[in-house]
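Please find below a colleague's note on the structure shown here.

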Amino acid sequence: MSRTLSWKTLGRYAALSLAGSAALAAATLAQAASKTYTLDADFDLGVLDGVNHTAPNNNQLQLNTVGTTFPVMWVANAGEDTVSKFDTTNNVELARYRTWFGPDGQAGSRGIHGAYSGPAPSRTAVDIQGNAYVLNRFFENKRPVLIKILAEGFIDRNGNGVMDTSVGSTPLNMADLNGNDQIDDNEITDERIAWAAEVGSQNGLGRALCIGTDGNLWVGMYNELTYYKVNAANGSQIAGPISTNPTAGNPNAGAWSPYGCLVDASGTLWSASLGSLLGKITNTASNTGPYGVSSFNSGNFNYGIALGNGRVYTGGEMYTFNPATNTFSPTGFTVGGYGLVVDGGGNIVSGYGDVQKVSSAGVVQWTAPLQPGSAGFAVGVQVDSNNDVWQMGFDANGRMQKYRGTDGAPLGVFPVGRDPYTYSDAAGFAARNVTNNTGTWTVTFDAGAAGTPWGKVNWNDIVPAGGSVQVSVRMADSIANLPLQAYAPVSKNVQFPGNGRFIQIQTRLNANTAGTSPVLLDLSVNSLVTACDVDADGDVDSADITLIRAGFGQTPAANDPRDANADGKITVVDTRTCATRCTRPSCAQ
């Protein structure tokens, strides 16, 4: 899979890159705050997440060839109806969120229970912004409940101006205030939780959750044999029920129950079934269909599911499926496993006792035994942002094992909640590397003054057909308040509204379906030009100088942009002052 443009290809754009960078560097604003990022040292002022400026492709950004993800994993604790937000770099639980009602620090309203009773959350998914979704399966003849948890920002439901949210392993209380046995918006106390929505029918048993290429969610009902498409923004139903029992005459017919899913870059959903059938739904980017439903019979039991290397991998009997030939083959594992995952280099990891890594060619890379103090059995396996491996210890003590991804060396056992049951895309690895091949560069610029009005962001890029470069901004008067603001998309060199001393710019590179990466050559940001910008077009040029000259002798109003030195007169001094503030070379000549 190609994720970057070749140096030979980029060479054709070298002159364009240098010329564009020089022009941007020359666009200095004496009155306005401005910054141009174009060299390696400039890009290093921000955070590179899944992108690089590695030689020979220096002084530009492109997607990594080895995939990565967020340094956070979302672990569903099925036996206590919570989900843990876990820092996989520092090996610590950052927060724990309720997925159902329960008093603070105690079990849910249904009490401590096993992994197969009560709400029992299990499937989690993480979108490319880092927001998490967790699905309560519900074994009590109730509709499954889907919850969204924000990665940044919050919903100030009580209006106190403070983010009330869980810190550490104790979740905030959530009570059923009106006794209707549903999570109503006013009953959500943790302000990181954006919404909770019921999906499917009573006793539908939600056992599949994945994210589509358009960022919306697909939720599978095991008992109902259906999928639903759900709006990620608000939890509303977009489409469904979509039956997983194909019509008669379909050459790949066969009813299958959703049991975990992932969506590939073409928008095709692949589903495990807890049986011998591998499910397939096409055209998932559409909100209205038609959706093509089919299945393929391996003759072997499947459980977990993973995507990578242009293949579909299933846990249980450990088989791989080639969509190009519609054929199954063994994966090369010598240990058994239920959950499995593909890492950033295309290797496959699984194991419910010993954990094992196998190459895409089926060659065993390493095998590691259970660590002392761990549970004796694991359902799920995950890969973190460093491509290290996590194995979910499936018992009431809630412990996870960590292994070094390169050789399987043990890295410790760490606590989470009761019965961690996570074998879906809990770190967003598939969403960021398969469903949407993406990475970001995020940089913060200090204008030096509170309330600075911002103007434009401009950038030069090379974008392959089907790829994109997307830029978003947020502003605040303190760095601490930036994460509490929502990003807003901006267009290239187009004025946008907003004020704040600090501006945070997130640039997202999206590859096309072939995996070809766009390239960011440079980016510049300017605060709003006020004095001297007479025609209010966001810059200072010869047109502004001409307008100032035309006003000689006039008495300006307060904050008149023609009165550059604010002396209450429009004179030649103002033209000379503005000539030093031109945003274009020699604009006053």
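1. Strand β34 (residues 468-476) runs antiparallel to β36 and is joined to β36 by nine bridges. Strands here are DSSP runs of E of at least two residues, helices are runs of H or I of at least four residues, and both are numbered from the N terminus. Two strands count as paired if DSSP finds at least two bridges between them. Within this pairing, Ser472 is placed opposite Gln506 of β36.

2. The model is predicted, so local features need pLDDT of at least 70 and side-chain atom pairs count only at pLDDT 80 or more, whereas totals for chains, interfaces and linings use all residues. Residues are numbered from 1 along each chain as its sequence is written, and side-chain values use heavy atoms, with hydrogens and water left out.

3. Strand β36 also pairs with β32 (residues 438-446), again antiparallel and through nine bridges. In that pairing Gly439 stands opposite Leu509 of β36.

4. Is strand β36 (residues 502-510) enclosed or open? Nine of its nine residues are buried, so the strand is largely enclosed by the rest of the structure. Buried means under 20% relative accessible area, exposed means over 50%, and partly exposed lies in between, with a 1.4 Å probe and protein chains only. Phe502, Gln504, Gln506, Arg508 and Asn510 point one way from β36, while Ile503, Ile505, Thr507 and Leu509 point the other way; all are buried.

5. Two disulfides are found in a search of the whole structure, a disulfide being a pair of cysteine sulfur atoms within 2.5 Å. One of them joins Cys210 and Cys261, with the sulfur atoms 2.2 Å apart. This pair links distant parts of the chain, since Cys210 lies in strand β12 and Cys261 in strand β16, 51 residues apart. The torsion about the S-S bond of Cys210 and Cys261 is about -105°, so this disulfide is left-handed. Both cysteines, Cys210 and Cys261, are buried.

6. The other disulfide is formed by Cys532 and Cys578, whose sulfur atoms are 2.0 Å apart. With a torsion of about -80° about the S-S bond of Cys532 and Cys578, this disulfide is left-handed. Cys532 lies in the loop between β37 (519-527) and α5 (542-550), and Cys578 in helix α6 (residues 572-579), so the pair ties together parts that are 46 residues apart in sequence. Cys532 and Cys578 are both buried.

7. Strand β16 belongs to an open sheet of four strands in the order β16-β17-β18-β19, with antiparallel pairing. β16 and β19 (292-297) stand at the edges and have a single partner strand each, so one side of each is left without a neighbour in the sheet. From one strand to the next, the twist averages 20°; axes are lines fitted to C-alpha atoms, for helices over the stretch in contact, and angles run from 0 to 180 degrees between N-to-C directions. Strand β17 (residues 269-271) is joined to β18 (residues 277-282) by three bridges, and Trp270 has Lys280 as its bridge partner in β18.

8. Three cavities of 30 Å³ or more are present. A cavity is a set of points, on a 1 Å grid over the protein atoms alone, where a 1.4 Å probe fits but cannot get out, and lining residues have an atom within 4 Å of a point. Grid points are joined across faces, edges and corners, and a volume is the space filled by probe spheres set on the points.

9. Which residues line the largest cavity? They are Ala125, Val126, Leu209, Cys210, Ile211, Cys261, Leu262, Asp425, Ala430, Ala431 and Thr435. The elements giving two or more residues to this lining are β8 (121-126), β12 (206-211), β16 (261-263) and α4 (429-435). The largest cavity holds about 60 Å³ of space. Its lining has nine nonpolar, one polar and one charged residues, where Ala, Val, Leu, Ile, Met, Phe, Trp, Tyr, Cys and Pro count as nonpolar, Asp, Glu, Lys and Arg as charged, and the others, Gly among them, as polar.

Technical notes. On a 1 Å grid over the protein atoms alone, a cavity is a set of points where a 1.4 Å probe fits but cannot get out, and a pocket is an open set with protein on both sides within 12 Å along at least five of seven lines; lining residues have an atom within 4 Å of a point.
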